[in-house]
Amino acid sequence: MNKNRNVGIIGIGQSVYSSHREDVNQPEMIHEAVVEALDQAGMTMDDIDCVVHGNMELFEMVHQPDLWHTLGTGVFGKESLRVTTGGTTGATLVCAADNLVASGLHDVVMAIGFEKLQEGHTTGGITNMADPLWARQLQTGALTGMTAAEIIDEFGEDRAKKASMKYRIIMDKHAMKNDKAHRRLGLEFDQADDLMVNSPALVGELRMIDMCSQSDGTCVMIFASEEKAKKFCKQPAWIKDHITVHREESYYIFGDAPYTTSHRYAARKLFERNGVKNPRKEIDMFEMYDPSSWWGLDWLREFLLLEGDEHLKMVENDDITMKGSFPVNPSGGVIASNPIGATAMVRVAEAAMQIMGTAGDHQVPKTVNQALASGFGGTMWTVLFLLTRDVPGRDEHLISSV
Amino acid sequence: MSTAREDCFTMEGKLALPYQYFAGLTGSRFLISLRDQKKIKGLKCNKCNKIFVPPRSTCEICFEEISGNWVDLKNSGTVTGFTIIRYEEPHQPVKPPYILALIKLDGADTPLTHIVKGVPLSKMKVGMKVKAMFAKKSTSSIMDIDHFRPVEGKPKFEMGYTYDELEVGMSASFSKTISESDVYLFAGISGDFNPMHLNEEFAKMTPFGTRIAHGALPQSLIAPVLGMKLPGLGTVALEIMARFKAPTYFGDTITATGEVVEKLEKKRWVRMALTWTNQKDELVAEGSALVIPPMPLPQQAE
């Protein structure tokens with residue numbers, strides 16, 4: 001991507017993720033993360049030029065939450081805008097903040113993604129997304145067992161289920177190291193056979209244990225121009241590039257006809273234009289938006305442009321664990337914590353924390369020079385980020401072509 | 001041009017929108033003190049000294065954490081704005097029409113929204129002093145305050161129309177059937193034992209052929225009009241003139257009417273046209289009055 005100037009992530013704040021946050025109302029929950037992010041960046045609200053605020057439309061039944069939340073966000077008297085792009089909201093917030101800083105419009109931008117799912121009625125919100133004439137009376141919500149069925153078809157029931165459950169247990173082991181994660185179940189690998197049978201089925205082979213939760217929580221990130229980032233932060237995480245791809249998938253897939261997923265398309269484009277030839281070698285870790293263990297498993301193949309059963313082997317061979325060759329979701333991922341308007345932002349934040357070295361107990365035991373983070377939502381939206389430890393070089397070829 | 005068509009469908013839909021809201025520690029403390037102590041509390045920003053109610057845990061202008069700085073507020077305050085809700089829908093707390101007001105509690109810097117009762121819609125005004133009336137039964141919500149009502153309460157006496165409130169054309173009347181006992185009592189009150197009022201045999205010899213009421217008896221029926229109706233309590237009568245047009249027989253029902261005909265701006269007096277009619281709509285008497293309408297009184301204590 002051709003940028004006017006580099007943008008660094010210099011502060012990250014997260015509230016505790018939980019099924020209930022009865023101790024705080026919405027602005028108060030946001031305030032917790034705002035304060036943490038400001039502290040980490042060594043800033044006060046006076047240093048912030050603009051606040052970008054987002055959540056999933058309608059999920060809390062609050063109109064114009066960005067205005068109402070002023071009590072907690074500190075946005076009083078500042079530039080502000082609201083972004084809501086469904087499940088990708090958090091990722092789109094990062095894109096917006098990056099664009100605002102890179103363009104030169106603002107030097108320091110704070111992005112806030114939040115959700116208080118316990119207060120709203122997600123099915124009510126999601127039902128609104130379906131076409132009112134053709135689909136609203138028919139649609140079923142956010143769960144699908146399709147991917148599980150496809151993986152089972154392709155690799156056989158035994159191998160597919162074992163890989164999916166192993167992915168799930170690895171994610172829980174990661175979440176156990178992340179204080180802020182919502183679901184920290186303490187699962188052990190020897191429970192796999194039992195869970196595969198006894199966890200309540202939701203749709204087909206998608207079981208309760210495989211699926212992400214609904215969480216309450218906030219993520220806040222502070223983005224700064226190269227000059228400011230270097231002034232305030234020893235080791236910022238730099239946003240090298242990001243790409244957004246989306247498509248109305250339900251009118252595109254017919255039977256078993258092969259198709260390119262928005263994930264694969266996004267990854268191919270992003271790697272191409274950043275010269276990434278071998279993502280698993282050149283990228284050190286991946287924070288993936290994994291709404292279920294089945295999707296997480298399948299999407300490894302898509303994002304890493306793998307063929308055949310490479311993605312299953314990555315799980316089977318422990319490549320994706322924190323100490324593995326290609327750690328995936330040291331945070332525990334979306335399966336552990338899912339405050340929707342924040343979820344996709346948490347992916348970028350967690351990837352940035354791995355670069356900045358601030359992930360604490362779930363810091364991977366190696367230097368992260370380049371990290372990948374993805375957001376997902378709606379009817380196949382993908383937002384994919386490439387973050388770096390070193391200040392991205394300016395692509396003179398692109399600049400001169402402008 | 002009508003764009004309605006017979007050959008196009010309209011889909012009727014309905015979505016459920018249930019929700020919860022977590023009050024949080026700060027909001028909950030406010031509700032608890034309403035419920036248990038019938039006390040309204042606010043939170044103070046120590047930087048700008050503003051006291052917020054309903055409470056908030058941060059001052060958004062100073063961006064200070066203020067959730068520990070509770071202060072007690074008075075249960076009374078001043079209306080800073082209001083609207084009258086006239087449309088009706090199923091989820092309203094009371095049946096319209098009702099007054100929804102912004103009330104700045106004594107000691108607070110921000111207004112609280114609530115219902116005001118106990119004041120006619122037409123008399124509602126900004127600046128009114130009101131006090132909180134707590135609900136008999138707690139719902140652990142802002143409705144633990146049932147409503148606010150004027151501090152003055154209902155005046156003990158409904159004072160009459162002031163000069164400014166009176167308009168030319170306003171009128172009021174009082175009716176009464178004049179009985180034999182009225183006439184006898186009036187004779188006692190006035191000392192006028194004239195046999196034309198009291199002695200039927202004598203009265204037969206008069207042009208009226210029977211006993212009639214004293215002229216001043218129907219005339220006095222204008223007193224409750226001026227003194228108690230228009231202008232009403234507080235009126236001082238300066239002059240009452242009457243010309244008698246027809247007799248009042250026992251059993252006649254007399255209606256005395258006063259109508260504002262002139263406002264004397266200089267003196268702030270009012271001239272009223274007076275008429276007395278009987279049940280046959282015959283004019284019994286007519287005349288005029290000059291009155292000083294009631295002055296606006298200082299607010300009475302409840």
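Modeller: Let us do so, beginning with a single residue and keeping in mind that this is a predicted model. A:Gln118 has 20 C-beta neighbours inside 10 Å and counts as buried.

Biologist: Why is A:Gln118 called buried?

Modeller: The cut-off for a buried residue is 20 or more other C-beta atoms within 10 Å, and A:Gln118 has 20 such neighbours, so it counts as buried. As for its place in the chain, A:Gln118 lies in the loop between strand 4 and helix 5 of chain A.

Biologist: What makes strand 3 and strand 9 of chain A edge strands?

Modeller: They belong to an open sheet of nine strands in chain A, with the order 3-2-4-7-1-8-11-10-9 and mixed pairing. Strand 3 (79-83) and strand 9 (285-287) each have a single partner strand, so one side of each is left without a neighbour in the sheet. From one strand to the next, the twist averages 25°.

Biologist: How do you know that strand 2 and strand 3 of chain A pair, and in what sense do they run?

Modeller: Pairing requires at least two bridges, and strand 2 (residues 50-54) is joined to strand 3 of chain A by five bridges, the two running parallel. Within this pair, A:His53 stands opposite A:Arg82.

Biologist: What joins strand 1 of chain A to strand 7 of chain A?

Modeller: Seven bridges join these two strands, which run antiparallel, and A:Gly11 stands opposite A:Ile222 in strand 7 of chain A. Strand 1 of chain A also pairs with strand 8 of chain A in the antiparallel sense, over two bridges, and there A:Gly8 stands opposite A:Trp238.

Biologist: How do you know that strand 1 of chain A is mostly covered?

Modeller: Eight of its eight residues are buried. Helix 1 (residues 26-41) of chain A packs on the sheet and touches strand 1, strand 4 and strand 7 of chain A, its direction making about 130° with that of strand 1. Helix 4 of chain A lies across several strands, including strand 1, and runs at about 170° to strand 4 of chain A.

Biologist: Why is helix 4 of chain A called oblique to helix 15 of chain A?

Modeller: The axes of helix 4 (residues 89-102) and helix 15 (residues 340-356) of chain A come within 5 Å and cross at roughly 60°. Angles of 65 to 115 degrees would count as roughly perpendicular and those under 35 as roughly parallel, so helix 4 of chain A is oblique to helix 15 of chain A. The residues of this contact divide into eight nonpolar, four polar and no charged, among them A:Leu93 in helix 4 and A:Met345 in helix 15 of chain A.

Biologist: What makes chain B more spread out than a compact globule?

Modeller: Chain B, with six helices and 15 strands, has a radius of gyration of 31 Å, whereas the globule rule gives 19 Å for 302 residues, so chain B is more spread out than a compact globule. Its C-alpha trace spans about 95 × 65 × 40 Å along the principal axes, and 26% of its 302 residues count as buried.

Terms used:
Residues numbered from 1 in each chain as written. Chains lettered and ligands numbered in written order. Predicted model: local features only at pLDDT ≥ 70, side-chain atom pairs only at ≥ 80, totals over all residues. Helix = DSSP H or I, 4+ residues; strand = E, 2+ residues; numbered from the N terminus. Rg over C-alpha atoms; globule rule 2.2 N^0.38 Å. Buried ≥ 20, exposed ≤ 12 C-beta atoms within 10 Å, placed from the backbone. Axes fitted to C-alpha atoms, helices over the stretch in contact; angles between N-to-C directions. Parallel < 35°, antiparallel > 145°, perpendicular 65-115°, else oblique. Contact = placed C-beta atoms within 7 Å. Nonpolar A, V, L, I, M, F, W, Y, C, P; charged D, E, K, R; others polar.
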